[in-house]
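Let's take a walk through this chain together, from its overall outline down to single residues. Keep the viewer open as you read.

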Amino acid sequence: MPERIPEEVVDQIRLNTDIVDVISEYVQLKKQGRNYFGLCPFHGENSPSFSVSPEKQIFHCFGCGAGGNVFTFLMDHNGMSFQESVASLGEKSDVQFEFSSPEEIEPGHVNLNEKAQLEGISLLEKLFHHLLMNTEEGHEALEYLLDRGFNESQLNQYHIGWALPGWETASKLLEKKGFDLSLMEEAGLLIKRDDGSYFDRFRNRIMFPIEDAKGRTVGFSGRIIKPEKNEPKYLNSPESPLFQKNTLLFNFHRARGPIRKEKYAVLFEGFADVIAASETVSNAVATMGTSLTKQHIQQIKRLTDTVVICYDGDNAGTEAAFKASRELASSGITVKVARLPNGMDPDDYIQKFGSGQFKSEIIQHASSLMAFKMWYLRTGKNLQTEDGRLSYINAVLPEISSLSSAVEKELYLKQLSDDTGVSFSSLEEQLKTYLPVQEDIQVRNEPIAPPPKKTSILKAYQRAERYLLAYMMTGNETAYTVQDMMEGLSFPSDDYQAIYTYLLAYVEEGGALEPGAFIEYLPDRHLRSQATELKMLELNAEVTKAELADYINELNKYRQVNVIRQKEAELKQAEQINDIKTATALGMEIFQLWKALKGQHR
Ligand SMILES: [Zn+2]
């Protein structure tokens with residue numbers, strides 16, 4: 001399959017790359033014994049069942065079965081082709097090579113509709129940005145943005161733009177460039193009139209491109225400068241295959257590295273806050289006007305287990321922060337809350353005090369979740385009255401009881417006592433009546449043990465085919481030895497037979513079987529996952545010919561049993577039609593075959 005890049009180059013890149021480093025960019029990994037564990041990026045989970053083996057240079061998920069080597073990880077995770085994955089790793093290692101561009105190699109590989117939509121979006125992104133930065137028509141919008149505290153480098157970094165007031169600027173351009181307008185409608189750029197013609201969705205708005213986790217622009221949010229009635233202040237791209245608010249986190253692809261580095265993520269309420277704070281706070285993301293979903297949390301959780309929420313300081317923002325904090329905490333994330341004074345939003349604060357002070361005074365002074373909850377539960381209550389004090393105590397005690405640390409419990413009980421004037425000992429007594437909140441206990445952070453070895457319950461022939469293949473994958477010499485011993489036998493399972501065939505073709509073409517090698521040679525995810533599972537088997541450092549012969553023997557036995565089963569079916573048929581002669585002959589034959597089989601294997 002990968003003919004365009006010489007095998008030596010692929011080998012060299014593999015040798016210069018450590019799978020743990022590469023996967024660490026996307027998944028938070030912790031060492032546990034010989035392997036690393038983390039949350040699987042291919043299926044939603046709360047306890048790590050995704051493992052990476054530095055020795056074998058492969059990854060494998062016990063939960064969903066995903067698996068492969070460093071190349072297939074990038075292929076599966078980032079939607080890259082094999083060539084792209086090699087090229088991206090080649091850039092990072094020092095291996096020099098040239099190859100033709102991925103488009104030339106695999107024209108049919110990408111989804112063509114999606115590709116056209118991404119191109120259409122990208123064309124408009126460039127148009128809008130040009131209009132804002134370089135034209136008279138965009139001048140007012142540019143002044144407005146600069147006035148609001150955005151600087152030129154932010155405008156360029158985030159490709160902010162301006163959409164003209166006209167109805168057909170974008171649609172005419174897209175048509176002229178030969179785009180299929182119905183696809184552009186699906187991508188949310190155009191709206192179809194009753195007569196079948198199209199007009200621009202975004203007009204007279206400041207345009208903020210929205211990128212997905214891969215850094216591809218998949219939609220826009222357009223902000224109006226002078227809101228008129230019936231016009232929303234912000235207009236987002238509609239939901240489409242590319243633009244899905246439930247999974248999109250603004251700035252995620254830029255923030256990934258900084259989040260790992262800083263070991264926490266900042267969560268803003270709006271994407272404009274992310275841009276406003278970007279000079280000092282680069283580890284920030286925001287949802288696109290929706291509340292936090294499980295998918296959002298999963299993405300963040302792969303990078304860090306600490307999140308600082310910084311929402312608007314008004315009532316709605318505080319409510320939303322409280323809600324988000326619960327969601328995050330129940331997924332096992334440590335939450336802190338950065339509070340802004342007097343109903344300010346992050347943007348206001350940064351304009352007034354600058355982004356340096358915003359980071360040092362607001363973000364780095366975020367309070368613990370419990371302190372925030374107490375503050376939140378106190379608001380609107382008059383602690384001068386008995387009613388107010390009681391309702392405050394009743395709201396706070398369940399929260400305190402859910403804390404796992406005794407020190408924290410004491411700390412906040414003390415604060416509650418100070419706030420209300422009720423004695424510490426009475427509060428402590430009262431606390432005992434609350435059972436800990438379930439949701440905080442459920443979350444396990446330790447890797448779950450791999451399921452009990454399947455091999456123990458497998459039939460002998462299944463065990464044999466698995467080990468034969470696993471040993472073959474350890475080195476060319478063993479692969480050839482097994483091939484010789486097989487003498488035309490085949491593997492009972494279709495998948496294993498397929499892997500066997502590919503493996504032989506791979507070594508025939510000069511491929512070397514070494515850690516991390518070969519997996520990418522398999523054409524589909526399913527086979528790759530099967531092969532990685534085999535690679536995860538614990539094998540002896542050296543395999544003896546006798547051990548291999550035992551496995552071959554099991555396959556042979558399986559084939560003979562199959563022959564007998566076939567004869568037995570024929571016998572049954574003969575009996576049904578009263579063909580006594582054939583039935584007797586078959587009966588004799590079957591008896592002999594069983595006898596031979598048993599004699600052979602005793
Ligand atoms: Zn998985």
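Two notes on the ground rules come first. The model is a predicted one, where local features need pLDDT of at least 70 and side-chain atom pairs count only at pLDDT 80 or more, while totals for chains, interfaces and linings use all residues. Residue numbers start from 1 along each chain, following the sequence as written.

Start with the overall outline. The chain holds 27 helices and 17 strands; helices (H or I, at least four residues) and strands (E, at least two) are DSSP runs, numbered from the N terminus. The chain is more spread out than a compact globule, because its radius of gyration is 32 Å, well over the 25 Å that the globule rule gives for 602 residues. Here the radius of gyration is taken over C-alpha atoms, and the globule rule is 2.2 Å times the number of residues to the power 0.38. Along the principal axes, the C-alpha atoms fill a box of roughly 100 × 75 × 55 Å.

The chain is divided into domain 1 (7-105), domain 2 (112-236), domain 3 (249-374), domain 4 (380-442) and domain 5 (452-602), with bounds that come from an automatic or database domain assignment. Taken over C-alpha atoms, the centres of domain 2 and domain 5 are separated by 59 Å.

How much of the chain is buried? Buried residues account for 35% of the 602. A residue counts as buried if 20 or more other C-beta atoms lie within 10 Å of its own, exposed if 12 or fewer, and partly exposed in between, with C-beta atoms placed from the backbone. Among contacts between residues at least 6 apart in sequence, 63% join residues at least 24 apart; a contact means that the two C-beta atoms, placed from the backbone, lie within 7 Å.

Now for the nonpolar cores, each a set of buried Ala, Val, Leu, Ile, Met, Phe, Trp, Tyr and Cys residues joined through C-beta atoms within 7 Å. The largest has 87 residues, of which A265, L267, V285, V307, I309 and C310 touch the most other members. Helix 12 (residues 271-277) gives the most to this core, with six residues. If you click on A265 and ignore its neighbours within four places in sequence, you will find A255, I259, N283, V285, I300, L303, T304 and V307 in contact with it. Another core lies apart from this one, with 53 residues that include I19, A66, M75 and F518.

UniProt positions are given in the numbering used here, feature names are shortened, and annotations may be inferred rather than shown by experiment. C64 sits in the loop between strand 4 (58-61) and strand 5 (67-69). Leaving aside neighbours within four places in sequence, C64 is in contact with C40, F42 and H43. C64 counts as partly exposed because it has 14 C-beta neighbours inside 10 Å.

Turn next to helix 22 (residues 460-472), whose 13 residues reach 18 Å from first C-alpha to last, close to the 18 Å expected at 1.5 Å a residue. The expected span is 1.5 Å times one less than the number of residues. Buried residues of helix 22 include Y461, Y467 and L468, and its buried residues pack against helix 23 (476-486), helix 24 (494-508), helix 25 (525-535) and helix 26 (545-576).

Helix 26 has 32 residues and should span 46 Å at 1.5 Å a residue, which agrees with the 47 Å between its end C-alpha atoms. In helix 26, L548, Y551, E554 and L555 are buried, and the buried residues pack against helix 22 and helix 23. UniProt lists residues 534-584 as "coiled-coil region" in an unreviewed entry; that span is 76% helix and 0% strand, with end C-alpha atoms 45 Å apart.

Finally, look at some backbone angles. Most residues other than glycine have a negative phi. N578, which follows helix 26, has a positive phi near 60°. F518, though not a glycine, has a positive phi of about 75°; F518 is in the loop between helix 24 and helix 25, and counts as buried because it has 22 C-beta neighbours inside 10 Å. N204 is also not a glycine and has a positive phi of about 60°, and its place is the loop between strand 8 (198-200) and strand 9 (205-211).
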